[in-house]
Every structure is written in C-alpha cells, then in structure tokens.
Amino acid sequence: MQNNRNFLIAMVLSVAVLVAWQFLVIGPHTAAQRQQQEAAQQTSGEAQNPGSLQTPTTPAGTPQADNAAPSGRESVVPGQTPANSPATPQTREAALAGGPRIRIDTPAVSGSINLRGARLDDLRLKKYHETVDDGSPAIVLLSPESTKDAYFAEFGYSGQDVGQLPGPGAVWQGDTSQVLTPDQPVTLTFTNPQGITFTRKIAIDANYMFTVTDSVSNGGSAPVSLSPYGRVIRFSKPAVAPSYVLFEGLLGVFGDAGLSEVKYSSIEKDGETHPDKAKTGWLGITDKYWATTVIPTGERAFKPTFRYADQGRPYYQSDYIEDPVEIAPGASADVTTRVFAGAKVVDLIDDYEHQLNIPRFGQLIDWGWFYFITRPMFHAIDWLYRLFGNFGLAILTVTVVLKLVFFPLASKSYKSMARMKAMQPKIMEMRERYKDDKVKQQQAMMEIYKQEKINPAAGCWPMLVQIPVFFALYKVLYVTIEMRHAPFFGWIQDLAAPDPTSLFNLFGLIPITLPHALMIGVWPLLMGVTMFVQMRLNPTPPDPTQQMIFTWMPVVFCYMMAAFPAGLVIYWTWNNTLSIIQQTVIMKRNGAKIELFDNLKGTFRRKPKEQGTS
C-alpha cells in the first residue's frame with residue numbers, strides 16, 4: 001500500500017511540477033518577451049515609412065522580372081507605393097479609403113479587394129467577435145499594408161523580357177460597383193504594353209474559401225514564359241503570449257513530405273527556410289483560431305519558402321513560385337489558385353480537404369501528438385453539443401461515458417484497494433514483527449500480496465487513464481474554435497477561458513480588480529473540495545511527509561487549475577464526484593471500511609499535545 005501511494009504521489013506531483021512550470025515560469029517569461037518585441041515593432045514602424053524599404057536580395061534560382069519577383073518585399077520597392085504613403089502606420093479606416101476597392105459581402109465575411117495588386121487585404125469575420133458580447137466588434141483577420149497590423153494575401157507573376165507584370169503595385173481594372181458574394185464572382189483585368197492580358201475572376205463560397213482563376217492571353221508577337229506565385233504576408237505576431245500546447249506561425253503541406261511548421265521564433269533566427277519542391281500542397285500563416293493560406297491547384301510543381309526580414313519593419317511571409325507556363329503568340333493559359341482566410345472550424349476544414357482534394361488540410365488545426373485521442377474526443381463532444389445545445393453538458397456527458405468505458409478497470413482497481421485495506425491488520429502485524437529489518441519487511445509484504453492476489457499498483461490505473469484524457473480535453477478546449485465563447489450556465493460564459501470569479505473579492509461582491517494570481521473562482525474551489533474528499537476516502541498515510549502532501553495537494557491544484565479553461569475544471573470536478581461515488585459503492589460492496597468520516601475528523605481534530613498547551 002505504501003509503495004502504491006508513493007508511486008501515485010510521485011506521478012501526480014510530476015504532472016503538477018510540469019503544469020506549474022508552464023504557467024508560473026514559462027508563461028510570464030514569454031509574455032514579457034512578447035511585450036518587448038511588440039514595443040520594438042511599434043517603434044520601428046513609427047520611425048520608418050512602410051513604403052520606403054528596399055527589396056531583399058532574391059535567393060538564387062528564383063526567376064527575376066521587373067516588379068514581379070515573389071521572393072521579397074517587392075510591394076515596397078520605391079516607385080511602386082503611392083506618393084502620399086504616410087510616414088507612420090495609418091488607421092485601418094484611412095488605409096481602406098486610400099484607393100479603389102471592390103466590396104466583399106457573404107454570410108461569413110465582409111471586406112474588400114484592393115485593386116492595387118488585386119490583394120485580399122480587408123476581411124472581417126462576421127460570425128466571431130472580440131468578446132463574448134455579440135455586440136462587440138467582429139474579428140479583423142486581414143488588413144492593408146499601411147496599417148500597423150498589416151496582413152494580406154496576393155498573387156502575381158514572375159517572368160523575363162515580358163514587360164510590366166501585374167505585381168503588387170499594378171492597378172487592376174474592375175467595376176467598383178460590383179460586390180463579391182457567393183452567387184456573384186467579380187472580374188478584374190490588366191493589360192501590359194506588350195499585349196499580355198490578364199483576366200482575373202475571383203469567387204468565394206459561403207464560408208472562407210476564395211477561388212482565383214487567371215486567364216492569361218498573349219497578344220504579342222513572341223512566346224512568353226511566366227511563373228505564377230502566391231504569398232501570405234504578416235507584419236505582426238499574435239497579441240497573446242505563445243503556448244507550448246499550440247503551434248502558431250508559418251506552416252504548409254508539401255507533397256509526400258507532409259506538414260512543415262516554422263515557429264515565429266525559429267524563422268526570426270533563420271531568416272528563410274526552403275522546403276522541398278512539390279506538386280501538391282498549401283502554405284500560409286496560422287493563429288490559434290484563424291488562418292490564411294494559399295493553395296496552388298495546377299499540375300505544375302512549385303517551390304515553397306518561409307521568410308522573415310526586419311529591414312526597418314519586420315514581416316513574416318509564406319510564399320511559393322510555380323514552374324513557368326509557356327504561352328505562344330495568340331494563345332492563352334489558365335492558372336487557378338485558392339485562398340483560405342477565416343476561422344478554423346473543424347467540420348469545414350475537413351470538408352475542404354475532401355471536397356477540394358486539398359492534401360492534409362485538416363492539419364491546419366493543431367491536434368497534437370495524441371490526435372488519436374484528441375480528435376475523437378472533440379467529435380464526441382461536438383455530437384453531444386448538437387444533441388443538448390450546450391458544450392458544458394456535452395463535457396459532463398462525455399465524462400460519464402468515459403467512466404462507463406473504464407468501469408471494469410476502475411472496479412478491479414477499487415476491489416484490489418479494498419482487499420489491501422482488509423489486509424492492513426496483517427500488514428501492520430508483519431511490520432511490527434520485522435520493524436528492524438526493512439528487507440524482510442518488503443519480502444513478507446510481497447508474499448502477502450502474492451497469497452491474497454493483490455496488485456499493489458492497481459490503485460494507480462484510474463489516475464493513469466485520467467491523465468491522457470485530461471490533456472486531450474485540455475487540447476480540445478484550447479485549440480478548437482467551437483469551444484471559443486461557448487457558454488455553460490450562470491457566470492461561465494466561455495468554457496475556453498478561466499472561471500472569471502474570485503474568492504478574494506467575494507465572487508464579485510467587492511468591486512475591485514484583482515491580479516491574475518488571485519483569480520481563484522467557484523469552480524476551481526469546487527474542484528479542490530472534491531479532490532480533498534476523494535483523497536480522504538483512503539487511509540491517512542502513516543508518514544508525516546505524506547500526510548502533509550495529501551493535505552496540501554488539493555490546495556495547490558486548486559490554485560493551478562484556476563488558470564485553466566473553465567470547461568476543464570468543470571470536467572475535473574465532475575470526474576472527481578463520479579469517482580467518489582464509484583469508489584464508495586465498490587469498496588463498500590467488498591467489505592472495506594469507508595475512511596472518509598474518520599479521516600475528516602482526524603484532519604480537523606486538534607492534536608492532544610496542542611490541547612495540553614492551550
């Protein structure tokens with residue numbers, strides 16, 4: 001029994017140390033680094049004209065052309081930006097008013113297409129808001145280059161001896177009275193002096209997938225060779241501190257090589273990374289809940305690159321350039337690409353992967369190494385949500401289902417613990433007999449276990465099973481947008497956020513703002529109480545150190561869990577409650593004494609020595 005308890009304590013404390021290290025050391029450290037980086041970016045942005053930077057050197061092997069090389073910041077080559085480009089970042093409203101645009105309006109998004117460069121640089125997500133209040137502003141995903149948090153996607157062409165090409169500075173022709181809707185695509189045109197005409201048709205579905213179809217006609221007298229390119233550029237990182245639970249940064253899937261992920265910190269150090277050439281795949285930039293990706297759809301191979309540069313104004317870029325397409329005089333060629341820009345809704349991402357044949361597009365959502373647990377758990381919770389209409393109830397139901405699935409294991413474990421309790425008098429007698437010989441004591445104890453068919457580690461299995469389930473649920477709550485702003489009941493209006501109440505302001509009765517470290521809400525306290533009760537179902541450890549650990553562990557966990565998503569704390573509390581009921585019933589049926597009330601009395605009873613000195 002003592003070995004079993006020591007193993008359990010070591011296991012639980014190991015998990016506690018890892019979690020505490022993440023939230024008490026790594027979290028504040030990364031948040032401080034992020035604040036320093038944002039301050040540096042803001043200072044450089046104010047001191048440097050966004051349109052005055054020079055194009056970085058194009059890497060070897062990239063085709064060159066006037067106004068077309070997709071390898072760097074050609075969007076800010078002198079002479080391509082407007083003459084009245086501001087010396088400091090513009091407001092979003094001023095940037096949107098600075099040139100011709102075609103409006104976008106669908107059930108899921110609103111925004112506009114910038115005719116300068118035919119960029120997708122203005123996009124709001126109608127279904128998602130900044131806070132739980134539906135009246136708060138909609139999430140802004142894409143913004144123009146002259147704004148502080150610029151973020152956009154664009155396509156162009158590289159070529160030699162073909163004259164001007166429709167790069168970032170080119171102004172496309174289009175009817176600005178058009179509105180891009182799921183039922184109405186828009187058409188843009190660009191013709192250079194050499195007689196090459198580009199006709200661009202942009203369509204969008206009812207969600208977040210744009211389809212860009214270019215028809216390139218060669219009206220000149222000589223054949224031309226053009227290399228299509230696409231890129232996603234971002235001038236700032238997410239405003240929240242990074243988490244080791246979740247990947248955010250530059251990513252893509254390239255043929256059989258599978259998923260490539262490059263963190264912001266890695267690309268800042270390396271400058272560029274060059275995945276292998278591929279014929280199928282996609283690439284872009286992802287956040288916790290949102291992503292923007294470009295998806296080549298042709299048969300031509302493409303060369304992907306991830307980039308970072310800090311020449312005055314830092315930026316991050318995922319880009320690709322395709323093999324050249326040859327167009328004879330009087331002939332034409334079609335180039336089709338797609339852009340995903342929106343929320344990473346699980347079912348929607350999966351549908352795009354299968355219906356549009358986008359390889360491994362589901363990996364845009366970071367399910368983690370234990371995806372074989374995380375994904376099924378999400379789908380189970382999501383199915384129950386559709387049944388009950390509440391994600392909190394779905395989590396409670398999944399907990400019950402898991403208890404039923406693992407009932408045989410738990411039952412066997414608790415029965416073994418009951419037999420161990422029944423053997424306590426015999427074990428205590430043996431310890432007294434061999435109190436001066438620890439080796440004999442261990443040998444005699446193992447002989448008792450063997451005779452009575454007791455597994456001393458059986459009590460650990462329920463906890464071992466619970467740990468991967470716990471982390472899988474944590475991952476589901478943390479990475480899936482379906483859980484974002486999902487309410488439970490009462491004061492819990494966002495299961496993916498910590499409990500907003502606190503013991504230290506009497507749960508809102510005292511109108512004061514508390515530091516994050518003191519936000520210990522109702523549900524973390526309930527979790528601590530259930531953990532305390534569950535531990536008191538077992539005999540009090542004879543060792544004083546173990547007694548102290550068992551006494552204070554619920555308090556430590558209560559404090560740590562206060563920073564976790566409320567949905568996870570609710571799960572843990574409900575799971576503890578079910579475990580208490582299950583353990584009580586099983587052990588009572590096996591004739592074991594329920595230690596709860598005796599242990600509670602012992603916990604709160606004053607020691608005789610203290611009574612004598614009072």
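**A walk through the chain**

Of the chain's 614 residues, 51% count as buried, where buried means under 20% relative accessible area, exposed over 50% and partly exposed in between (1.4 Å probe, protein chains only). Keep in mind that this is a predicted model: local features need pLDDT of at least 70, side-chain atom pairs count only at pLDDT 80 or more, and totals for chains, interfaces and linings use all residues. Residues are numbered from 1 along each chain as its sequence is written, and side-chain values use heavy atoms, with hydrogens and water left out.

The chain has 15 helices and 19 strands; these are DSSP runs numbered from the N terminus (helices H or I, at least four residues; strands E, at least two).

Eight strands make an open, antiparallel one in the order S7-S8-S9-S19-S15-S14-S11-S12, with two strands taken as paired if DSSP finds at least two bridges between them. Strand S7 (186-191) and S12 stand at the edges with a single partner strand each, so one side of each has no neighbour in the sheet.

Now zoom in on the S12 end. Strand S11 (residues 249-254) pairs with S12 over five bridges in the antiparallel sense, and Leu251 sits opposite Glu261 in S12. The two strands form a hairpin with four residues between them, and Gly255 in that turn has a positive phi of about 55°. S11 also pairs with strand S14 (residues 281-286), again antiparallel, over six bridges; there, Gly252 stands opposite Leu283.

Next stop, Gly220, in the loop between strand S9 (209-218) and strand S10 (224-234). Gly220 counts as partly exposed because its relative accessibility is 22%. Leaving aside neighbours within four places in sequence, Gly220 is in contact with Gln194, Gly195, Pro329 and Gly330. Its C-alpha atom is 8.8 Å from that of Ala328, 108 residues apart along the chain.

What about charged pairs? There are 19 salt bridges, each being a side-chain nitrogen of Lys or Arg within 4 Å of a carboxyl oxygen of Asp or Glu. One of them joins Asp287 and Arg234, with the closest N and O atoms 2.6 Å apart. This pair links distant parts of the chain, with Asp287 in the loop between S14 and strand S15 (290-296) and Arg234 in strand S10, 53 residues apart. Both Asp287 and Arg234 are buried. Another salt bridge is Asp105 with Arg103, at 3.7 Å; Asp105 is partly exposed at 30% relative accessibility, and so is Arg103 at 46%.

Finally, the surface. Trp369 lies in the loop between helix H4 (346-355) and helix H5 (371-388), and counts as exposed because its relative accessible area is 77%.

Conventions:
Contact means heavy atoms within 4.5 Å.
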